[in-house]
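Keep the structure open while reading.

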Amino acid sequence: MAEAERIIGTPDIPEAAGDGPEQSGPDSEETAAAEQDGQRPGSEPDGAAEAEAEAEAGAEAEAGSAGKGKRKIAVLFAVAVVAYALDLISKMIVVAKLEHHEPIELVGEWLRLSAIRNAGAAFGFGEAFTIIFTCIAAAVIVVIARLARKLYSLPWAIALGLLLGGALGNLTDRLFRSPGVFEGAVVDFIAPKGFAVFNLADSAIVCGGILIVLLSFRGLDPDGTVHKD
């Protein structure tokens, strides 16, 4: 018998590693469950991934909104600087070249350039309330500066820029021209026939006010939203 076994040979014994039945355990069960759910082991659930994506989208939208707000503020101050500079330069030229001289006729008697000093409000109204109008102009500037933080509308940025530039122009005269601080007389020089004499600051204020009225009738708010009454 031993001789026969020696001649025939004994069958090979399978190695323990790889040929035996797969071992089952907690790790293998978790892997199978994850594969059935369409996820790889260790990955986050779909709900968490969606929440993270929504958070990222919200952060991007907020950043974009902040960027738009900064651009509108930049437009506001750019318009204000241009309006203020034009008013200041025009008054310097008028004081140097036109004051104490004969008026210059641009369109016959219908439109002239005539330099006068105005102690009142726009278009020469209220000369007895110079200090009050000075305080009002300063208050307007403060209100516009505070409102700029919530500004997301380009038309509103232009309108507020015109108001700001005009208010700064006339306030500069109130503070630095004679007869004294807070009582300075504003330089006016645009004189249409049958109308009060005014300056470029007054024009900017009026144009800004008209634009604000139109925007309000259309229901457009400074933050860019549109409401219907």
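## The helix pair

Axes here are lines fitted to C-alpha atoms, for helices over the stretch in contact, and angles run from 0 to 180 degrees between N-to-C directions. The model is predicted. Two packed helices are described by the angle between their axes and the distance between the axes. Take helix H6, residues 154–176, and helix H7, residues 200–218. Their axes come within 8 Å and cross at roughly 150°. Angles over 145 degrees count as roughly antiparallel, and H6 and H7 are therefore roughly antiparallel to each other. The crossing of H6 past H7 is left-handed.

Which residues of H6 and H7 meet? On the H6 side they are Pro155, Trp156, Ile158, Ala159, Leu160, Leu162, Leu163, Gly166, Ala167, Gly169 and Asn170. H7 brings Ala201, Asp202, Ala204, Ile205, Cys207, Gly208, Gly209, Leu211, Ile212, Leu215 and Ser216. By class, this contact has 15 nonpolar, six polar and one charged residues.

## The sheet

Three strands make an open sheet in the order E1-E2-E3, and the pairing is antiparallel. E1 and E3 are the edge strands, each pairing on one side only. Direction ignored, neighbouring strands of the sheet are turned by 35° against each other on average.

## Strand by strand

Start with E1, residues 104–107, and E2, residues 111–118. Three bridges pair them in the antiparallel sense. Glu105 stands opposite Arg112 in E2. The two strands form a hairpin, with three residues between them. In the turn, Gly108 has a positive phi of about 60°.

E2 also pairs with E3, residues 186–192. How many bridges join E2 to E3? There are six, and the two strands run antiparallel. Leu111 has Pro192 in E3 as its bridge partner. For Asn118, the bridge partner in E3 is Val186.

## Confidence

The protein averages a pLDDT of 78, and 66% of the residues score at least 70. Over residues 1–5 the pLDDT is below 50. That stretch has one contact in the model beyond near neighbours in sequence.

Residues 13–25 also stay under 50 in pLDDT. For them, the model has three contacts beyond four places in sequence.

Definitions and conventions. Residues numbered from 1 in each chain as written. Predicted model: local features only at pLDDT ≥ 70, side-chain atom pairs only at ≥ 80, totals over all residues. Heavy atoms only, no water. Helix = DSSP H or I, 4+ residues; strand = E, 2+ residues; numbered from the N terminus. Parallel < 35°, antiparallel > 145°, perpendicular 65-115°, else oblique. Left-handed = near helix turned anticlockwise from the far one by under 90°. Contact = heavy atoms within 4.5 Å. Nonpolar A, V, L, I, M, F, W, Y, C, P; charged D, E, K, R; others polar. Pairing = 2+ DSSP bridges. pLDDT = per-residue confidence, 0-100.
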